[in-house]
Amino acid sequence: MKIISPKYDFCFKELMRNPIVRTYFISDILDIPVEEIRETRLLNTFLRKRYHGQKLGILDILVELTDGTRINIELQARIQDAWDKRSIFYLAKTYVEPLSAGENYSHLNRCIHISLLDYNLTDREEYHTVYRLRDKNGCEYSNLLEVHVIELNKELKGNDRVDDWIRLFQAVNEEDLNMISEKSVGLREAVRELKEMSLTRRMRLIYEARQKAIRDRYAEDEYVRKHAAEEGYQNGFQLGIEQGMEQGIEQGIEQGIEQGMEQGIEQGIEQGIEQGRVALIESCQQLSISREVTKQILIDKFAATEEGARQLLEKFWHKS
């Protein structure tokens, strides 16, 4: 029987809502004896903005342990540009978010970020890498910040607990699940949850609808990139976007701007960015993409401020 992939975001979040799965997953990945984890509590995944204009952080899973340790777990199926910066952004937001104005720094607790990536972030053989704050001689400065990167597509070399969880995420059918179902209490519960979700008509429909939405999103992204690029290729901006697209980066337009700047192209950047923004607005309208979504694309892809995006839409959003 084919199963709903645990790498599907909705399925992953459902798994992490199960306290047994959540506890054993954290225990195995972080190498913490399960008996030392008395409680794992799911938190609100929206990290508050401390001032107007600050970027909002939206996490996949945020867990707090009994000792106050906060753990952010992110599953990323599509290649993301600058994932290292993004994961550090999440980690930093998770670390400072609980501290209120005037509170003592001693109230800050340990924070851990776990990245589950369905692509290769590095060309090394290691598929579970742990990063902590150390000096050049390996002496630890603090254990308050820690990053775990798990690359799900790399060849497994062992049979430890982390390997078994990776095999769970790699599973495509019931036979794959049966091979790992007896490995531990946590994996056995995760396998049971996956089988149940795969048999539930509601979950199957949600899964299929989500897969269709992902395919449609790919097509829409390609269309918007193509048309925004065609009409925004001016002066130095053109070179940057071309290189971004050649590298196949999802956020090709944004990457193109960065590359154009890095290469010292001084003239035409502002004009090119403006034309690219206008072309994007026109393409989104042609695709019947809502004004609110278009505004968010301008902010995310073209580094526009919220007010700047609003003004652009006021000026160039043609009312039918």
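Residues are numbered from 1 along each chain as its sequence is written, and side-chain values use heavy atoms, with hydrogens and water left out. Because the model is predicted, local features need pLDDT of at least 70 and side-chain atom pairs count only at pLDDT 80 or more, while totals for chains, interfaces and linings use all residues.

Let's start inside. The largest nonpolar core has 40 residues, of which Phe25, Ile71, Ile73, Ile114, Leu116 and Leu168 touch the most other members. (A nonpolar core is a set of buried Ala, Val, Leu, Ile, Met, Phe, Trp, Tyr and Cys residues joined through side-chain atoms within 4.5 Å; buried means under 20% relative accessible area, exposed over 50%, and partly exposed in between, with a 1.4 Å probe and protein chains only.) Among the elements that each supply at least two residues of this core are α2 (19-30), β5 (70-76), β6 (111-117) and α4 (161-170). Helices (H or I, at least four residues) and strands (E, at least two) are DSSP runs, numbered from the N terminus. Leu168 touches Pro6, Leu177, Ile180, Leu187, Ala190, Val191 and Leu194, leaving aside residues up to four places away in sequence; contact here means heavy atoms within 4.5 Å. Another core, of 13 residues, lies apart from the largest one and includes Val278, Leu280, Ile289 and Trp317.

Next, look at helix α12 (residues 306-316), where Ala309, Leu312, Leu313 and Phe316 are buried. These four are on the same side of α12 because they cover an arc of only 95 degrees around the axis, taken from the directions from the helix axis to the C-beta atoms. An α-helix has 3.6 residues a turn, so residues three or four places apart point the same way.

Now for the second largest pocket. Its lining has 14 residues, and Ser87, Ile88, Leu91, Tyr131 and Val147 are the closest to its centre. (A pocket is an open set of points on a 1 Å grid over the protein atoms alone, where a 1.4 Å probe fits, with protein on both sides within 12 Å along at least five of seven lines; lining residues have an atom within 4 Å of a point.) The largest share of the lining, six residues, comes from α3.

Finally, two loop residues deserve a glance. Most residues other than glycine have a negative phi. Asp31, in the loop between α2 and β1 (40-42), has a positive phi of about 60 degrees and is exposed, at 56% relative accessible area. Ala82 sits in the loop between β5 and α3; its phi is near 55 degrees, and Ala82 is partly exposed, at 31%.
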